[in-house]
Amino acid sequence: MVSPLAAAPPQRIIIGIGAGIAAYKIPYLARRLIKDGHDVRIIPTPASLEFVGKTTWSALSDYPVYSDVFEADAGVDHVEAARQADLIIVAPATADLIARMRAGRADDLLTTTLLAATCPVVVVPAMHTAMWEHPATKDNISMLRSRGIVVIEPVEGDLSSGDTGRGRLPEPDDIATAINDLLRTEVTQLPLNGTRAFVTAGGTHEAIDPVRFIGNRSSGRQGCEIAAALRDLGADVTLFAAHIDPELLPSRVRIVETPTAQIMCETVLHEAQAFHIGVFVAAVADFRPREVADQKIKKSTENEGGLTLELVRNPDVLASTVETYPELFTVGFAAETGNTEDVLRAGRDKARRKGATLLAINRVGAQEGFGNVDNELTVVDHSGQVLTTFAGSKHDLARSLCEMIADYYRRSRE
């Protein structure tokens, strides 16, 4: 197994722009954070666009820039943006914006996103000294701090009014340094910090001829959610992907294309020695045609009665990996059909047969298991003993399962 990694992965950061003259400094902050490797998204308040226009923000970010919940898809997008963010920075945070945050207002896209966020939030106030020292502002700042919001206080200096005093926005490099220090602290506290994990996901295709294949219904969505959850718990993640829609692929995860069962097995066996955790979610075809036609098979007098394909067994990716790397912490998936008892029986048999550390069992079918549908997972150990059951969306299942993986992995190393 590899030694733990010391470097923290880049983070997904939202910068919320308040309507203050100090907004002109924030493009420099955004560029610094992007240069540091972070994935930066900009959400300006409508009034802030009077200071720095949307064209500037669009040039800095790879994401569409919206300020109002009624713009394009912004109304739906704010929940997803808040859920995916590792950190939100509000800078400059004006007295008005701070008051709206304290009250829980949701009257523009930024404040709506803040209400939906569960990640750390950093507020960087900038205003006239009299406004900063006003009892209302002090009370609002105190309340935000009591909610766990980090406040980077303004500094002494020249103000836009011509006065001098506390209220000036810190320099962008100083803010970026404070942000990176905070993120390093957050990352080092994550349960899987320093581990490397891989996930297999999607459905393999086994060629019949140049245009036809044997495949399955797997979209790869559950595996992508698991890869993202492991990443969010601090792991350095690789996704071995088989025919997954690019829109489903998680960010900040290494993607390796493994389109067939043989390629997936060979790739995993070659790379697994560099990992601590392996999660086998992919729907790997059990069989493949013994021979693959060089040209498209066409209807002819020779096959009027039908076409017979001779199939041979594919390698078992999970079992082969467990056998080759017994020290690897492995999590298998068993997609089974039938009633609840049949599904559980088949999954428990598979757990004992394949020897993975943990195995997640789920029932699949035409309307179950595949695609963007709610699901249920029953987790058993290598002996088939039932440990727990999770139910919900694939996002929620991934979070619950990966928290369990992190806990069991930590205990296995103690």
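Strands β1 (12-17) and β2 (residues 39-44) run parallel to each other and pair over 6 bridges; pairing here takes at least two DSSP bridges between two strands. Helices (H or I, at least four residues) and strands (E, at least two) are DSSP runs numbered from the N terminus. This is a predicted model, where local features need pLDDT of at least 70 and side-chain atom pairs count only at pLDDT 80 or more, while totals for chains, interfaces and linings use all residues. Residues are numbered from 1 along each chain as its sequence is written, and side-chain values use heavy atoms, with hydrogens and water left out.

Across the pairing, Gly16 sits opposite Ile43 in β2. Together with α1, the two strands β1 and β2 build a right-handed β-α-β unit, meaning that the path from the first strand over the helix to the second runs clockwise when the strands point away from the viewer. Strand β2 is largely enclosed by the rest of the structure, because 5 of its 6 residues are buried (under 20% relative accessible area; exposed is over 50% and partly exposed in between, with a 1.4 Å probe and protein chains only).

The loop between β1 and α1 (26-35) holds Tyr24, which is partly exposed at 47% relative accessible area.

Turning to charges, the whole structure has 25 salt bridges, each a Lys or Arg side-chain nitrogen within 4 Å of an Asp or Glu carboxyl oxygen. Glu336 pairs with Lys350, with the closest N and O atoms 3.3 Å apart. That pair links strand β16 to helix α12 (residues 340-354), 14 residues apart in the chain. Glu336 counts as buried at 14% relative accessibility, as does Lys350 at 16%. In helix α13, Asp407 and Arg410 lie 3 residues apart, about one turn, and their side chains meet at 2.8 Å, N to O.
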